Amino acid sequence: MSVWRHEPILAERIADELLLNNDGVYLDATLGLGGHSGFFLKRLSAAARVIGLDKDVSAVNMALKNISDARLTAFVCSYLEAPKIMERLNISSFDGAVFDLGLSSYQLDDASRGFSFLREGPLDMRFNNNEGISAADIINEWPADKIEEILLKYGEELYANKIALAVYGARRARKIKTTRQLAEIIEKICPHAGKIHPSTKTFQALRIAVNNELAEVELLARMLPKILLPKARAAVLTFHSLEDRIIKRAFKELVSSDDWRLVNKKVIEPSREEIISNHRARSAKLRIIERKI
Ligand SMILES: C[S@@+](CC[C@H](N)C(=O)[O-])C[C@H]1O[C@@H](n2cnc3c(N)ncnc32)[C@H](O)[C@@H]1O
């Protein structure tokens, strides 16, 4: 197995804000390749623990290989299963939790996962490729109006109608099985506008739909009272406005109950230097919330 690494975004800032108890038990809700967990463990004491969760079995395996530290325990599951994992491990609450949403560069770069319109691969896009429907299922089986709806809702795609109709026409002649097949259909009918590739929004929308991402982000905030200790914090990194809007609103709701406070009033963004050295950081937004009581 080749080993990939992932440059954790805003790691220093997240560690400063989150790791308030050196001996604490922390949740890395989206372990990925273990970038944040590895960074945290370097700061924490020998008594501390990190519980890492990820839907992607290959990410979990690589994180365990990258970190190789008995203080890390990892599971292949959704972050929404955190309460179940806590029960299993006899953990009553966490001292802090980080959610680094979306996909990792490792998943994007692996052509066989089907996330990239630049690399030929099967049109899959599942974080957990053992469950649920693939992007090819949506593209080949859903009615055109449903495809248009997700392109609008999850991609804010201006040409949603045009793309959905082109997909519908193309698939009648031949099943659309690969990433490049789909990208070529889109490239033919949509103009290149500025730096954004015409397939960007369609691929984002399909990935969100396949993995039920926004519905899970909505539920994430509701789970926080069940998993965090008083004075514990949750840090959430988002990468597009749809996710960020949900987190902003959900945090506002929590704060209105008076049991929570926003650690940062203004959203935190990576520095220019971090964006230059890690391109994926360019769209990152960090929000942190603290449980007061
Ligand atoms: C941006 S990466 C995390 C990178 C990680 N922080 C690091 O530094 O290596 C996001 C990860 O979250 C996982 N993921 C996405 N949605 C998830 C969910 N609902 N539950 C658990 N993992 C999820 C993806 O499979 C991906 O590996």
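Predicted model: local features only at pLDDT ≥ 70, side-chain atom pairs only at ≥ 80, totals over all residues.
Biologist: How many helices and strands does the protein have?

Modeller: Start with the secondary structure. Strands number seven. Helices number 13. The tally is 13 helices and seven strands.

Biologist: Why does the radius of gyration of the protein agree with a compact globule?

Modeller: The protein has 293 residues. A compact globule with 293 residues would have a radius of gyration near 19 Å. The two values agree because the protein has 20 Å.

Biologist: Which residues have the most contacts inside the largest nonpolar core?

Modeller: Nonpolar side chains tend to be buried together in soluble globular proteins. In this model the largest nonpolar core has 52 residues. Strand β5, residues 228–238, gives the largest share of this core, six residues. The residues with the most contacts inside the core are A97 and F99.

Biologist: Leaving aside neighbours within four places in sequence, which residues are in contact with A97?

Modeller: A contact here puts C-beta atoms within 7 Å. Neighbours of A97 within four places in sequence are left aside. That leaves Y26, L27, A29, I227, L228 and A234.

Biologist: Which residues are closest to the ligand?

Modeller: The ligand is surrounded by 21 residues. Elements giving two or more residues to this shell are α2 (35–43) and β2 (49–54). The closest residues are H6, T30, G32, G35 and D100.

Biologist: How many residues of the shell around the ligand are charged?

Modeller: Sort the shell by class. Seven residues are nonpolar and nine are polar. The charged residues number five.

Terms used:
Residues numbered from 1 in each chain as written. Near = placed C-beta within 6 Å. Helix = DSSP H or I, 4+ residues; strand = E, 2+ residues; numbered from the N terminus. Nonpolar A, V, L, I, M, F, W, Y, C, P; charged D, E, K, R; others polar. Rg over C-alpha atoms; globule rule 2.2 N^0.38 Å. Core = buried A, V, L, I, M, F, W, Y, C linked by C-beta atoms within 7 Å. Buried ≥ 20, exposed ≤ 12 C-beta atoms within 10 Å, placed from the backbone. Contact = placed C-beta atoms within 7 Å.
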